[in-house]
Amino acid sequence: MTVKIAVGLDGTDTGERALTFARDLASRIENCELIVTYVVEWSPFTFQTAEENEKRHKRREEEIKIATTRVVTPAVHTLQDAGIKATGVVQHGDVAETLNRIATQHGASQIIVGRVSNDGFTKRIFGSSTQNLVMHADVPVTVVG
């Protein structure tokens with residue numbers, strides 16, 4: 001049986017610490033796979049026109065591509081080079097809800113996220129998003145400092 005662990009990245013040192021913790025944990029577990037995840041915060045504006053929403057959709061697709069290329073794919077390759085099975089997922093949405101959904105969909109038994117960063121993740125994960133993730137996740141959440 002494969003043990004799967006979801007790891008939330010944000011492209012900062014905090015995400016790297018979470019990834020390092022997950023890599024170390026995975027190296028101690030026989031047959032472990034890391035699901036390297038990046039969530040781009042997004043919420044639809046219902047008051048926008050169809051044209052404005054289409055432009056937002058194109059930006060979302062660009063953001064997914066950039067996050068995949070700059071953050072997730074290099075992390076996955078580094079893990080694979082170290083002999084750890086890893087896959088990557090990048091999605092838009094509410095951070096807590098999306099991380100939980102990704103973990104559940106992939107059969108992860110745990111979610112690992114970073115606690116503090118200078119940008120991005122602090123606003124998205126620490127505070128209400130972290131609380132929501134910890135309180136409502138379907139699997140245990142490890143918050144790495």
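E33 and K85 form a salt bridge (a side-chain nitrogen of Lys or Arg within 4 Å of a carboxyl oxygen of Asp or Glu), with their closest N and O atoms 3.8 Å apart. The pair joins distant parts of the chain, since E33 sits in strand 2 (residues 32-41) and K85 in strand 3, 52 residues apart. One salt bridge is what the structure holds. E33 counts as buried, at 6% relative accessibility; buried means under 20% relative accessible area, exposed over 50%, and partly exposed in between, with a 1.4 Å probe and protein chains only. Side chains of opposite charge can pair when their charged atoms come close.

The model is predicted: local features need pLDDT of at least 70, side-chain atom pairs count only at pLDDT 80 or more, and totals for chains, interfaces and linings use all residues. Residues are numbered from 1 along each chain as its sequence is written, and side-chain values use heavy atoms, with hydrogens and water left out.

The mean pLDDT (the predictor's confidence in each residue, from 0 to 100) is 87 for the protein, and 86% of its residues reach 70 or more. Confidence is highest in strand 1 (residues 3-9), at a mean of 96, and lowest in helix 4 (residues 121-124), at 51. Where pLDDT is low, the predicted coordinates should not be read in detail.

The protein has five helices and five strands, where helices (H or I, at least four residues) and strands (E, at least two) are DSSP runs numbered from the N terminus. Along the sequence they follow the pattern β-α-β-α-β-α-β-α-α-β. Of the 145 residues, 42% count as buried. Among contacts (heavy atoms within 4.5 Å) with a separation of 6 or more, 75% are between residues 24 or more positions apart.

Strand 3 (residues 85-93) also contains H92, which is buried at a relative accessible area of 10%. Its side chain makes polar contacts (a pair of N or O atoms within 3.5 Å; within protein, one must be able to donate a hydrogen and the other to accept it, and residues adjacent in sequence count only if both atoms are side-chain atoms). The side chain of H92 reaches the backbone oxygen of R60 at 3.1 Å, and a polar atom of that side chain lies 3.4 Å from the backbone oxygen of V40. Not counting residues up to four places away in sequence, H92 touches V40, E41, W42, R60, E63, I64 and T98.

T98 belongs to helix 3 (residues 95-105), where V95, A96, T98, L99, N100, I102 and A103 are buried. D94 caps the N-terminal end of helix 3, with a side-chain oxygen 3.3 Å from the backbone nitrogen of A96. Just after helix 3, G107 has a positive phi of about 75°.

P140 is exposed, at 54% relative accessibility. Leaving aside neighbours within four places in sequence, P140 contacts S109, Q110 and I111.

V143, in strand 5 (residues 141-144), is partly exposed at 34% relative accessibility. V143 forms a nonpolar surface patch with V134 and M135, with about 270 Å² of accessible area together. Patches are made of residues with over 30% relative accessible area and no salt bridge, like charges being joined within 9 Å and nonpolar side chains (Val, Leu, Ile, Met, Phe, Trp, Tyr) within 5 Å.

Definitions and conventions. Areas by Shrake-Rupley, 256 points an atom, 1.4 Å probe, with all protein chains shown as cover.
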